[in-house]
Each structure stands twice: as C-alpha cells, then as structure tokens.
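Dear colleague,

I am handing over the structure we spoke about. My notes on what was found follow below it.

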Amino acid sequence: MSPIPQIALTDGHRIPQLGYGVFKIPPEQTERAVTQALELGYRHIDTAAVYGNEAGVGRAIAASGLAREELFVTTKLWNDRHDGDDPDTAVAQSLERLGLDRVDLYLVHWPTPAADNYVHAWEKLIGIRDRGLATSIGVSNFLPGHLQRLLDETAVVPAVDQIELHPAHQQPEVTAFCAAHGIRIEAWGPLGQGKYDLLELPEVTGPAAELGRTPAQVVLRWHLQHGHIVFPKSVHPERLRENLDLFGFELSDAQVAAIDVLDRPGGAGRVGPDPTVFA
Ligand code: NDP
C-alpha cells in the first residue's frame with residue numbers, strides 16, 4: 001500500500017492526509033478499535049474530550065509500541081471549557097487521559113458564537129502551543145466571520161479548520177476563505193455520516209464500478225483529490241482496510257466534477273449541527 005501523503009501546515013508542521021476518527025466509538029470499544037487501526041497502518045487519530053474515549057485512544061497508543069513521532073494525535077477543547085483558565089485545565093486533562101505530554105493538534109471544537117468567548121479560547125490555545133503542549137493549533141466548525149475575528153484580534157492563523165464537508169455540504173465560502181489564508185481543511189463526516197444515500201448515488205456508484213472500487217473509496221478519493229484531510233470512522237476491520245486503500249487509483253477530472261455538483265447550497269445538505277447556533 002502506498003504511503004499516506006503528508007500535508008504541510010502553515011506553521012511548518014505536517015499532518016497525514018488520512019487518519020482514523022473515533023466519534024461515537026463507545027469508550028469500552030475504543031482501545032480495541034484504535035489498536036486495530038494502528039495495526040492496519042493508520043497513524044493519525046482524531047478524538048475529542050467530548051467523545052469520552054481519549055483514555056481508550058491513549059491505551060491503544062501505549063500498547064502499540066510505536067514511536068511517538070510516528071503518530072499524529074488530535075483532540076479538541078469542548079464548548080463549556082472556553083472561559084478563564086479552563087482551557088489550560090482541559091488540555092492537561094486530555095493529555096492525562098491520552099497518556100501523552102503533547103498532542104500534535106489541538107482544536108477549539110465549536111465557535112459557540114452566542115457565548116462570545118471563542119477569541120479568548122483561541123488566545124488560550126496560542127499559550128498552550130507556546131508551552132509545547134500542542135504542536136499545532138486550529139479550530140473546528142468556524143465560519144469565515146469567526147475566522148476573520150481570530151485573524152483581526154490575534155494575528156495567529158489556525159493551522160486547520162475541521163468542518164462538516166461531504167458532497168452534499170461542501171461549504172464553498174469556508175473553503176475559499178481558508179484557501180486564501182493558508183488554513184487547511186479537515187473534512188468531518190466525509191461519508192456524510194451514513195445519513196443520506198451518498199453511497200448509492202450514480203455519480204459515486206458509476207466511478208466505483210468503472211474503477212473496481214467501493215462507493216466509499218470513491219467519495220474518500222474525491223476528498224483527497226480536493227486536498228481535504230479526512231479521518232473516516234468505522235468499527236469494521238474490512239471497512240478500516242478499505243478506507244485506507246485509497247492511493248492505488250485516481251478519479252478523472254470529469255468524475256470529480258460530477259461529484260462536485262452534488263453540493264446543496266444554503267446548508268440544505270448539512271447532516272450535523274449549524275455552527276451559527278450550536279452551543
Ligand atoms: P463519517 O462520514 O466518517 O461516517 C461514519 C459512518 O460511515 C459510520 O456509520 C460507519 O459505519 C460508516 N462507514 C465507514 N466506512 C464505511 C465504508 N467503507 N463503507 C460504508 N460505510 C462506512 O462520519 P464521522 O462523523 O465519524 O466523521 C469522521 C470523524 O470526524 C469522526 O470520527 C470525528 O473524529 C470527526 N468529527 C468531528 C466533528 C467536529 O465537530 N469537529 C463532528 C463529527 C465528526 P461503521 O462504523 O458501522 O462501519
């Protein structure tokens with residue numbers, strides 16, 4: 001299997017373009033799932049404090065025997081930890097659960113604009129990075145207005161914005177803003193979380209049949225060809241294997257363009273919460 005490409009971040013660090021996300025994996029199953037993923041060759045794990053499974057990720061990492069520098073671990077600051085010095089406490093707790101002395105990437109999970117405290121949370125993340133507890137810092141679910149405020153008020157550009165992104169919800173305004181400012185896009189829910197008929201659409205099943213690949217591989221390949229960083233979640237070993245095997249084929253420009261037109265503007269294709277109101 002070809003090696004997973006590394007994407008350069010604007011802060012000079014690098015991130016594997018493909019990883020494994022552990023949202024909704026129950027805590028008691030997480031160690032086993034992550035162990036399986038590491039055995040198959042995944043080296044980038046995306047978790048969050050709110051997933052309740054950082055300890056399982058940590059146990060799998062410790063048991064793997066892999067060198068720390070071979071792994072890329074992301075976790076996230078939850079919405080009720082933005083104020084005062086709480087981000088400092090929250091990152092210390094996450095590191096403790098993960099059994100690590102630093103994460104590779106630490107994210108503000110949601111902007112929660114009604115609380116108006118995401119700029120403060122971002123300032124705290126800058127300190128966390130400066131103290132070496134996170135190699136890179138970024139945000140998640142931030143829209144251009146939120147990102148612009150960070151740039152105006154702190155002048156530190158997030159390394160990534162992790163947003164809901166799949167063919168029905170492509171968020172062109174966010175991706176254009178990020179491209180203009182060197183912010184890399186991480187696509188969460190890359191398979192639409194299985195919440196619509198994405199894997200049955202002819203724009204996906206057609207190329208899958210032509211290329212002898214699965215519909216999920218076609219969608220994940222579409223992400224990679226757009227430069228997105230992805231970490232599809234599965235608890236099934238055969239799907240974990242399938243989702244990693246994306247580097248021995250390519251979609252044509254026409255196949256990519258046919259999937260591009262599946263976008264449903266105005267948020268009509270969104271499957272998760274709306275960042276303008278989610279708290
Ligand atoms: P995904 O789009 O990765 O979809 C996961 C679903 O697709 C699961 O039901 C899984 O089922 C199924 N699936 C996985 N692989 C295949 C396959 N090859 N063929 C068919 N079905 C498949 O959604 P996620 O929400 O999990 O997104 C990925 C990651 O993004 C998360 O795990 C998390 O790390 C991150 N995330 C971040 C958010 C944020 O706010 N920052 C929000 C949500 C997610 P099964 O497990 O049964 O195989």
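Subject of these notes: the ligand shell and one arginine

Helix α9, spanning residues 237–244, gives the most to the shell around the ligand, contributing three residues. Please keep in mind throughout that this is a predicted model.

The ligand site

The ligand has 27 residues around it, and those that come nearest are D46, L191, Q193, S234 and R239. By type, the shell consists of 12 nonpolar residues, 11 polar ones and four charged ones. As for where the ligand sits, the space it takes is the largest pocket.

- N141: a polar side-chain atom lies 2.9 Å from an oxygen atom of the ligand.
- Q162: an N or O atom of the side chain is 2.9 Å from a nitrogen atom of the ligand.
- Y51: an N or O atom in the side chain is 3.4 Å from a nitrogen atom of the ligand.

How much of the ligand does the protein bury? Taken alone, the ligand exposes 900 Å², and the protein buries 88% of that area.

R68

The other item concerns R68, which is found in the loop between α2 (54–64) and β5 (72–77). The side chain of R68 reaches the backbone oxygen of R102, at a distance of 3.0 Å. Leaving aside residues up to four places away in sequence, R68 touches V73, L100, R102, V103 and D104.

Regards

Notes:
Residues numbered from 1 in each chain as written. Predicted model: local features only at pLDDT ≥ 70, side-chain atom pairs only at ≥ 80, totals over all residues. Heavy atoms only, no water. Near = heavy atom within 4 Å. Polar contact = N/O pair within 3.5 Å; in protein donor to acceptor, adjacent residues only side chain to side chain. Areas by Shrake-Rupley, 256 points an atom, 1.4 Å probe, with all protein chains shown as cover. 1 Å grid on protein atoms, 1.4 Å probe; cavity = no way out; pocket = protein on both sides within 12 Å on 5 of 7 lines; lining within 4 Å. Sits in = over half its atoms within 2 Å of the grid points. Helix = DSSP H or I, 4+ residues; strand = E, 2+ residues; numbered from the N terminus. Nonpolar A, V, L, I, M, F, W, Y, C, P; charged D, E, K, R; others polar. Contact = heavy atoms within 4.5 Å.
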